Each structure stands twice: as structure tokens, then as C-alpha cells.
Amino acid sequence: MNAVRLEILGPFELIRGGRSVAVPVGAQRLLALLAVRSEGIHRRAAAEQLWPECPPIRAAANLRSALCQSRKLGPRTVVVCDGHRLALSPCVAVDHGEVCAAARQLLEEGVRAAPSDLDRLVEDLGRPLLLGWDDEWLILERERWDQMRLYALEGLAQHFLALDRYLAAHQAALAATVVDPYRETAHRIAIEVHAAEGNVACAVKHYLEYRRLLQQELRVSPSQRMTELIRELTTA
């Protein structure tokens, strides 16, 4: 009944015993930082990253306030203090950590080592990190998350395509294009899915839309590999 879960993929939410818990803003920011720094972080570094606009004394006071708020969230401690080092308590499950572990296992060991519910993994990988937050420390964390999920989503799309699971392959590829609209790999997989289904017109349409995006936004063209793929489809 006292199981604690922290969700930071999408909106922030702390769940205890199956129920959402109201968390003050300061504590939210602290818990979110500790959730992505599973190895823990020094108190001073945490204060500096969470309140970069404040003088050190004020940032340290804000951190103490956030720690106090976190102690009032329930009977079990969610933040562990070991000297000057802070970490999330082992009793707290974090969705971001779970999905990252599954994605890393997929990339390093292949699909057989990945979770059995690959469709759920695609859904989880499609979620942004801390939706609506604009904290400076999130810039690098989002970049890491986006790169991880791009490679994982593309790998899943290719896996589904090899199994003739065209809908799942297309959804995984499109999820990757949402993460990075300019990245060609995911667009190429989406075109290959259309081609495998015999939908040449859809493949060409996708190619033209992608080419238009690149020309309008970056003034570049798709690679020769993608252009040749379309040429092969339209001249076959």
C-alpha cells in the first residue's frame, strides 16, 4: 500500500499507494533532478542547478526548504541524505529509469533481451521528459533522453518491419520523427513500411513532405540513399 512511484515522462506525478500525491513546486524540482541522477548529487551542485539565478546562500535555503517539503510527502522517506550527498530513496520507482534501462538493453543485447511488451515500450519512448518544464538543467538531460529513445524507436520500427507488423513499425517510426523531425533514418523506415505494404503513393508523399521540410527549414535535400529508394519504387 505504501509503494511510491515517480513519473517524469510527460507531466510530473508522484504516486503513493496507487494515488496521486500533491507535491510543492520546490520538492517537485528536487525529486525530478534526483530521478535523472540515479547516482546521487552533492547538495551544493543540486542547489546551483535547481536555482541558478539565485546567490549561493539563497539557493541553499531553497534546497533546505525543498528537502523539508519532501519529508512531509508521506511516512516513508523519498530523499536519502548521506553526508553532503542527496539521492532518491530506493523505495521510489521511476518511470524514466525503467524505460531507459529497457531501451539500453534493447540497443546493447537486441530485441530478445528487451521487455516482452514492445508496444508499451514504444508508447513510453514517445513521451517527453518533464513536459512543460523549462529548467536549464533539463537541456542536457532531454538531449540524452531524446538520443536514447531515437535509436530505440528506430530499432523497434525495423524489428516490427521484419516481422511484417506494419502498423507497429509505422507507429514506432513516426514516434521517432516527432522526437527529431529532421532525422532521416526514421523517415526512411516509414517510407520502407509504406513500400512493404505496396503503398507506393504513400511512400512518395512521405518523401515529398520530408524533402519540403528540409528545404524550407534547413535548405538541404534528402540523402542520395533516400532519393534512390524513391527512384527504385517509382521505376519498378
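**Figure 1. Overview of the predicted protein.**
The fold has 10 helices and seven strands. Its C-alpha atoms fill a box of roughly 70 × 40 × 30 Å, taken along the principal axes. Of the 236 residues, 43% count as buried. The protein exposes about 12,800 Å². Carbon and sulfur atoms supply 51% of that area. Now look at contacts between residues at least 6 apart in sequence: 57% of them join residues at least 24 apart.

**Figure 2. A salt bridge between Asp135 and Arg29.**
Side chains of opposite charge can pair when their charged atoms come close. The structure holds 13 salt bridges. In this one, the side chains of Asp135 and Arg29 meet at 3.0 Å, N to O. The pair links distant parts of the chain, 106 residues apart. Arg29 sits in helix H1 (residues 25-36). Asp135 sits in the loop between helix H5 (118-125) and helix H6 (138-162). Are these two residues buried or exposed? Asp135 has a relative accessible area of 11%, so it counts as buried. Arg29 has 19%; buried means under 20%, so Arg29 is buried too.

**Figure 3. A salt bridge between Arg5 and Glu7.**
The side chains of Arg5 and Glu7 meet at 3.5 Å, N to O. Arg5 has a relative accessible area of 26%, so it is partly exposed. Glu7 is at 22% and also counts as partly exposed.

**Figure 4. Arg127 and Glu123 in a salt-bridge network.**
Arg127 forms a salt bridge with Glu123. Their closest N and O atoms are 3.2 Å apart. The pair is part of a network: salt bridges that share partners join Arg120, Glu123, Asp124 and Arg127. How exposed are Arg127 and Glu123? Arg127 is partly exposed, with a relative accessible area of 26%. Glu123 is partly exposed as well, at 46%.

**Figure 5. A nonpolar patch on the surface.**
Which residues form this patch? They are Tyr182, Leu218 and Val220. Together they have about 240 Å² of accessible area. Tyr182 lies in the loop between helix H7 (166-179) and helix H8 (184-196). Its relative accessibility is 34%, so Tyr182 counts as partly exposed. A patch residue needs over 30%, so Tyr182 passes that cut-off.

Technical notes: Residues numbered from 1 in each chain as written. Predicted model: local features only at pLDDT ≥ 70, side-chain atom pairs only at ≥ 80, totals over all residues. Heavy atoms only, no water. Patch = residues over 30% accessible without salt bridge, like charges linked within 9 Å, V, L, I, M, F, W, Y side chains within 5 Å. Areas by Shrake-Rupley, 256 points an atom, 1.4 Å probe, with all protein chains shown as cover. Salt bridge = Lys/Arg side-chain N within 4 Å of Asp/Glu carboxyl O. Helix = DSSP H or I, 4+ residues; strand = E, 2+ residues; numbered from the N terminus. Buried < 20%, exposed > 50% of the residue type's maximum accessible area, 1.4 Å probe, protein only. Contact = heavy atoms within 4.5 Å.
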